[in-house]
Amino acid sequence: MLPKKILLSVAGILAGALLLSACSSGDDGGTPAGGAPASGSAAPSETPVAVTFEPTGGTAVNPATPIVVKAANGKLLDVTVTNQAKGKTVAGKLAADGSSWTSSEPLGYGVTYKIVAHAQGANGKPIEQDNQITTLSPKKQANANLIPAPSAVASTGVGVGQPIVFSFGKVAVKNKAAVEKALTVESTPKQDGSWYWIDDSNVHYRPKEYWQAGTTLKVTAKIYGVDFGGGVFGAEDRTETYKVHDSWIAKADGNTEQMQIFHNGQMVKSMPISMGKDATPTHLGAHVISDKQANYTMDSCTYGVCPPDPKAYRSNEKWSERISNDGEFVHENPNSVGQQGSSNVSHGCINLNDANAQWFFQNMGLGDVVEVTNSGGPQLPVWDLYGDWSKSWADWQAGSAIK
């Protein structure tokens, strides 16, 4: 027979075992002593991986929208997006943790893409998930044509009066606000500026005041995939850079019949001029030089005045620089030398003698400014190529489509 102390000890151990058994019975929904999950409950490791796609699928997908594939309860192993027509794969990047994959290049218009994703769940089981999308097909695509052409002024730069112009050709932009939001001009140093829609196809950007000399302008049109309206979408994105050179401003006064030239704010030359006669006065206001030709044929037919109209003319002129789109130039005219400095006899141009015209041609160029006062003419219209400076800053801002 065991001693009394030993019997008490054994009884205590048995009681403790019964208590432990009661706590592990599984009646509270926990895991039974055998380790198997209770009925109706799955262990986290058994939850399958879930793969989702954005866009979810279908047709008329905007090609500028990136494809995003995501994995939950597991990770992506790889994703392949294939152009079904060309067999070319779309570049993309897999997140370091395998939670997502995002395409890194734009899709094409009117293309079907097959998306194949391989993923692995936390349970270690691999799966394959497929999807397919088709991008929209525009009725027409619009290009962002820049004026002046960046290549034309890459070596010379532009003057302080140069507006930045996006022309969309023959496309009539219906969704102007959407298009304007895709256009940016970054100036260094920073200067306030705004867009103005000259018409349905052309939008101009200018600062509040003339550009500061030495400014760098980064111009961007992120229009790919942008809905212009009427079934028209942007053809491609574009980024260009302009450089603003020294400040050159000419001030032509119809009262004194003189034109003073200012370089970086300092007057460097004065020359006698003859502007438009009473029947064809030179427009008032700030004109911006848009073109220059050492030899140029002046033809009034280019702006609708043709023979037998008595106002029609055609002549060859030297050292010509265009300051508006209706036939106004600064150029040499030997026939008006006797009137230069005393009276206005031209068809609207600013006439100079040969020596002064050559000097002007050598020093003034695209984007430089010719300010006309006391000519007797009307204000240069905002639509007359670069009549941008005829508008007050408040009126200019009102021409934006973004309110």
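Modeller: Please note that this is a predicted model. Strands of a sheet are paired by backbone hydrogen bonds, in either parallel or antiparallel fashion. Here an open sheet is built from 4 strands in the order E2-E8-E7-E4, with mixed pairing.

Biologist: Which are the edge strands?

Modeller: They are strand E2 (58–61) and strand E4 (74–83), each of which pairs on one side only. On average, neighbouring strands of this sheet are turned by 30° against each other, direction ignored.

Biologist: In what sense do strand E7 and strand E8 pair?

Modeller: Strand E7 (residues 112–121) and strand E8 (residues 126–135) are antiparallel, and 9 bridges join them. Within E8, Glu128 stands opposite His118.

Biologist: Which residues touch the most other members of the largest nonpolar core?

Modeller: That core holds 37 residues, and those touching the most other members are Phe166, Phe168, Val179, Leu183, Phe228 and Tyr242. Strands that each supply at least two residues of this core include E11 (164–167), E12 (183–188) and E22 (285–288). Beyond its neighbours within four places in sequence, Val179 is in contact with Phe168, Val173, Trp197, Val226 and Phe228. A second, separate core has 20 residues, among them Ala252, Met259, Phe361 and Met364.

Biologist: Is Ser194 buried or exposed?

Modeller: Ser194, in strand E13, has a relative accessible area of 11%, so this residue counts as buried, the cut-off being under 20%. Apart from neighbours within four places in sequence, the contacts of Ser194 include His204, Tyr205, Arg206, Trp393 and Trp396.

Technical notes
Residues numbered from 1 in each chain as written. Predicted model: local features only at pLDDT ≥ 70, side-chain atom pairs only at ≥ 80, totals over all residues. Heavy atoms only, no water. Pairing = 2+ DSSP bridges. Axes fitted to C-alpha atoms, helices over the stretch in contact; angles between N-to-C directions. Core = buried A, V, L, I, M, F, W, Y, C linked by side-chain atoms within 4.5 Å. Buried < 20%, exposed > 50% of the residue type's maximum accessible area, 1.4 Å probe, protein only. Contact = heavy atoms within 4.5 Å.
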